[in-house]
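Subject: Structure handover

Hello,

Please read them with the coordinates open.

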Amino acid sequence: MAEQISAVEKCLTQFAQEAHELYLNQSVPYLDEPPPPLDFYRDWIGPNKPCIIRNAFNHWPALSRWSPSYLRETVGSKVISVAVTPNGYADAVNGDRFVMPEERRMTFSSLLDVIERKVEQRGVFYVQKQSSNLTEELSQLTEDVESHIPWMSQALGKLPDAVNFWLGEGSAVTSMHKDHYENLYCVISGEKQFILLPPSDRPFIPYELYQPAVYRQKPDGDFEIVDVAASEKVPWIPLDPLNPDLVRYPAYRGARPLNCTVKAGEMLYLPSLWFHHVRQTHGCIAVNFWYDMDFDIKYNYFQLLESLAGLTLMTSEDGQPTS
């Protein structure tokens, strides 16, 4: 059994190395403008490679309009969902739990008071509700952006499933994960720092199962972790790519993360199934478009890779199966 596992591990390592040698870039390339839809599909979507696109949404009024004063006037009274955590890590592993944020309902103006530090609040605040919150909760702002990205919609032959609005404090962090979407991430103000890993690096990325829980702020201001009752365990990545524990997760030494910064006015194409970890400057505003991926042979291959990687990561360093 150990010899078989070792042979699979060797094949997976060679698979990931070959992907980097054959088609993956050593850094995230820049495009000076959006290419024609067919070219974008052929050069980026099909090969499943990220890029940063400049001059893709210079015509959006949001780039010049979305100041705090404008947002207060336009949507200040709107009640929105805000994720609140004690440490900035929402939807992340904390000890032996997968902990989700406290979802707090508050007016947009109240959130801006926190972002602009006019009001002191314990916890880290982040608008990150990923259910098309721009169109559902902040519809007054949709006139300042596009409802979809025309050349992307043409390339994929579909409209986005969701258009999301992001705004938060500088200490808000998105832990490493992947999505089943073709993602166009548009930074309106500030900067976003991404750590990206291709799907072919899955053999080096650990997953574990965790009891789901949520943060809840107590009357004294401290936060507690409360289990979600009668819930199945959640598979999540425990590793922090900013400070990876290579003793506990030695396989991560084989990963080759890409680091990139997306500045105001720039758009990141983040392909489906790419692992990503995200940080931001304080008060950064972004809008992203989620286009559902095609569940074709590429997805089929990834599911096979996922199964094989899960098998090998269940072994210890000496190749013996763990419990």
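This is a predicted model: local features need pLDDT of at least 70, side-chain atom pairs count only at pLDDT 80 or more; totals for chains, interfaces and linings use all residues.

Residues are numbered from 1 along each chain as its sequence is written, and side-chain values use heavy atoms, without hydrogens and water.

Helix pairs

Helices (H or I, at least four residues) and strands (E, at least two) are DSSP runs numbered from the N terminus. Axes are lines fitted to C-alpha atoms, for helices over the stretch in contact, and angles run from 0 to 180 degrees between N-to-C directions.

Helix H1 (residues 2–22) packs against helix H8 (residues 297–312) at about 130 degrees, with the axes 10 Å apart. The two are therefore oblique to each other (under 35 degrees counts as roughly parallel, over 145 as roughly antiparallel, 65 to 115 as roughly perpendicular, the rest as oblique). On the H1 side the contact (heavy atoms within 4.5 Å) is made by Ile5, Val8, Glu9, Leu12 and Phe15, and on the H8 side by Leu305, Leu308, Ala309, Leu311 and Thr312.

Helix H4 (residues 68–75) and helix H5 (residues 108–115) have axes that come within 9 Å and cross at roughly 160 degrees, so H4 and H5 are roughly antiparallel. Here Pro68, Leu71, Arg72 and Val75 of H4 meet Phe108, Ser109, Leu112 and Asp113 of H5.

Single residues

Arg104 sits in strand E7 (residues 102–107). Arg104 is buried, at a relative accessible area of 18% (buried is under 20%, exposed over 50%, partly exposed in between, with a 1.4 Å probe and protein chains only). Its side chain makes a polar contact of 3.1 Å with the side chain of Glu102 (a pair of N or O atoms within 3.5 Å; within protein, one must be able to donate a hydrogen and the other to accept it, and residues adjacent in sequence count only if both atoms are side-chain atoms). Leaving aside neighbours within four places in sequence, the contacts of Arg104 include Ile80, Val84, Phe125 and Gln217.

Most residues other than glycine have a negative phi. Arg117, not a glycine, has a positive phi of about 60 degrees; Arg117 lies in the loop between H5 and strand E8 (124–127) and is exposed at 61% relative accessible area. Leu273, also not a glycine, has a positive phi of about 75 degrees. Leu273 is in the loop between strand E17 (266–270) and strand E18 (275–280), and is buried at 2%.

Regards
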